[in-house]
Amino acid sequence: FLANFQSALEKRDMENIHHLLELLHSFFYQNTSALAEQTRDLYYKLFLSLETAVSQEKLPETEDTILDQNTETTLSLVEGFSFFQQLHQALIDRVEHFFTAAQNQQENSTISLIKTYIWEHFSDPDFSVKDISRHVYLSVPYLCTLFKSMTGKTLNQYITEYRIEQAKQLLQDPRNRVVDISARVGYNDGSYFGKSFKKVVGL
């Protein structure tokens, strides 16, 4: 059971983990002959496996978890529960935290890929949201929804603000003409660039 649990964590197989937890609960709930110390020992090993997975994945910790690779703390946790149901629920809670943190980490990684791609291609006037969607293998609707939910800005808003920020840096050098700057930050139309600049900066 322990090996299957560890394998499912490594694969981030949430469905299999939930199935294993149901089997675990059913076994100990029905098997009243199981010794308390044997039960605690297995749960102790499961908690340690979970903590190891969190550490290896470099997932964030929360104040209400003990995912800190501290075996004494883990042992105290396991021995602190008087009832099996409490112990099992504590394991479920930690598992839920693991998968939530893993999902957030994956989404944050995607956002980083999106931003990096924008930084590398913002000067191309033909650069579009469709280009980004192809780069990160996400549909345009999902991409836009994900980016807005994670950053609070739409993709087009972020691209425009990034372009204008780069233009502000270029404007500090009086040798750069506005028409040249607009082209360097991805605008074919100098007039449209001026309107975009004023909308973002206010000047």
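This is a short chat about the predicted model shown above.

Visitor: What's the secondary structure here?
Guide: The model is predicted. Its chain comes to 10 helices and 0 strands. Along the sequence the pattern reads α-α-α-α-α-α-α-α-α-α.

Visitor: How many residues in the chain, and what share is buried?
Guide: The chain has 203 residues, and 34% of them are buried.

Visitor: And the accessible surface?
Guide: About 12500 Å² for the chain. Carbon and sulfur atoms account for 50% of that.

Visitor: Which residues touch the most other members in the largest nonpolar core?
Guide: Phe5, Leu9, Ile17, Tyr43, Leu91, Val95 and Phe98 do. That core has 21 residues.

Visitor: Which elements give two or more residues to this core?
Guide: They are α1 (2-10), α2 (14-30), α3 (36-57) and α5 (84-121).

Visitor: Which one gives the most?
Guide: That is α5, with 7 residues.

Visitor: Pick Val95. What is it in contact with?
Guide: Phe5, Ile17, Leu21 and Leu50. That leaves aside neighbours within four places in sequence.

Visitor: What about a second core?
Guide: There is a separate one, with 14 residues. Val129, Leu143, Leu146 and Tyr158 are among them.

Visitor: New topic. Where is Thr151?
Guide: Thr151 sits in helix α7, which covers residues 140-151.

Visitor: What does Thr151 touch, beyond four places in sequence?
Guide: Ile111 and Lys115. Asn108 is 43 residues from Thr151 along the chain, and their C-alpha atoms are 9.8 Å apart.

Visitor: What does the side chain of Thr151 reach?
Guide: Two backbone atoms can be named. A polar atom of the Thr151 side chain lies 2.7 Å from the backbone oxygen of Phe147. The Thr151 side chain also reaches the backbone nitrogen of Lys153, at 3.2 Å.

Visitor: Now the other end of the numbering. Where does Leu203 lie?
Guide: Leu203 is in the segment after α10 (190-201).

Visitor: Is Leu203 buried or exposed?
Guide: Exposed, because its relative accessibility is 74% and the cut-off is over 50%.

Visitor: Last one. How far apart in sequence are the contacts?
Guide: Take contacts between residues at least 6 apart in sequence. Of those, 60% join residues at least 24 apart.

Notes: Residues are numbered from 1 along each chain as its sequence is written. This is a predicted model: local features need pLDDT of at least 70, side-chain atom pairs count only at pLDDT 80 or more; totals for chains, interfaces and linings use all residues. Side-chain values use heavy atoms; hydrogens and water are left out. Helices (H or I, at least four residues) and strands (E, at least two) are DSSP runs, numbered from the N terminus. Buried means under 20% relative accessible area, exposed over 50%, partly exposed in between (1.4 Å probe, protein chains only). A nonpolar core is a set of buried Ala, Val, Leu, Ile, Met, Phe, Trp, Tyr and Cys residues joined through side-chain atoms within 4.5 Å. Contact means heavy atoms within 4.5 Å. Accessible areas come from the Shrake-Rupley method with a 1.4 Å probe; for residues, only the protein chains shown count as cover. A polar contact is a pair of N or O atoms within 3.5 Å; within protein, one must be able to donate a hydrogen and the other to accept it, and residues adjacent in sequence count only if both atoms are side-chain atoms.
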